[in-house]
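The following questions and answers examine how terms are applied to a structure. Each answer sets a value against its definition.

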Amino acid sequence: MRAQYYLWFAIIAPFFLGLLWPASGLFLKPYVMPMLMAMMFFSCLKINIADFKTLPKNLWRFAIILAMIFLLPVLGVWLFRNFMDHLVFAGLILAASMPAGIAVVFLSDVLGGEPAKAMVSTALAHILAPVVSPFLVWFFVRKTVDINLVGMMVLIAKLVLIPFVAAQALKLLRLHGKFILVSKFTNNLLLFLIVLGIIAPARSLILNAGSQLNIAVAVVAAVVVTQVFLAILFGRTHKEDVTWSVVSTFKNFTLSSVIAMSAFGPSALLGSVAYIIVDNLALIPISIFSKFKK
């Protein structure tokens, strides 16, 4: 439970710090991308290729989970496209098309789910993300915003695949032990700095967003509630209910923030901000649900 509090602090505290004291995070903006790659590297050290051995016999189940991660939230956001500014809509589609955050492995463990299944799901999602995420953004947003599909694929590949390959190479050489010992603390610190480096430069945008941010939060909330409901229906056990609820809803919003700034500009950050708010609030009812049924 203490580890769960540390994670929430690493996300919520810098959000308010960036809004109240933006000078504390403005200098971090140029370093957000390298910090994200470092966090991905430390997280990927916990991914074992052997965990994929159960994939063939459960392939169709993981395919459905991947659809819930990628396709379902994008379709949900698309239904409300006429209520948002085109750049806010583009940023929200981008955030919705992101893979599940690597933190779902830790969250599934803390909340009494099945971390091994969460690990396979998020690993598959991140491997597919360089192709699937840019395609979804291009397909649903191309009529309102020009999309550099190849550029976005290259950016996601750099942010996701390079840390993954580096982590697996280090494990193959059996040099990963000391890195794993500090990975939890380092990732919490990196997450704190990344969120601060995203929120502080976007402070004026967030405070002046008005109804656009409210709409984005409402849309994401509706999508997340739907995903949790379907995840519980899909799960065969209570542990799976918890695991799929976390995996399908908790997005890699740090990745979407970096790409949004690079591809669309500051206005598109509202989509990632909406996910930061809703994803973390959603952990409260999921954690309560995890305690009710054995």
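Q: Which residues lie nearest the centre of the largest pocket, and how many residues line the pocket?
A: The largest pocket has a lining of 26 residues, and Ser-43, Ile-102, Ala-103, Phe-106 and Asn-187 lie nearest its centre. On a 1 Å grid over the protein atoms alone, a pocket is an open set of points with protein on both sides within 12 Å along at least five of seven lines, and lining residues have an atom within 4 Å of a point. The model is predicted: local features need pLDDT of at least 70, side-chain atom pairs count only at pLDDT 80 or more, and totals for chains, interfaces and linings use all residues. Residues are numbered from 1 along each chain as its sequence is written, and side-chain values use heavy atoms, with hydrogens and water left out.

Q: Which element gives the largest share of the lining of the largest pocket?
A: That share, five residues, comes from α9.

Q: Why are α6 and α7 called roughly antiparallel?
A: Helix α6 (residues 103-110) and helix α7 (residues 115-141) pack at about 165°, with axes 8 Å apart. Angles over 145 degrees count as roughly antiparallel, and α6 and α7 are therefore described in this way.

Q: What makes the contact between α6 and α7?
A: Contact means heavy atoms within 4.5 Å. Val-104, Val-105, Ser-108 and Asp-109 of α6 meet Pro-115, Ala-118, Met-119 and Thr-122 of α7.

Methods
Axes are lines fitted to C-alpha atoms, for helices over the stretch in contact, and angles run from 0 to 180 degrees between N-to-C directions. Helices (H or I, at least four residues) and strands (E, at least two) are DSSP runs, numbered from the N terminus. Angles under 35 degrees count as roughly parallel, over 145 as roughly antiparallel, 65 to 115 as roughly perpendicular and the rest as oblique. On a 1 Å grid over the protein atoms alone, a cavity is a set of points where a 1.4 Å probe fits but cannot get out, and a pocket is an open set with protein on both sides within 12 Å along at least five of seven lines; lining residues have an atom within 4 Å of a point.
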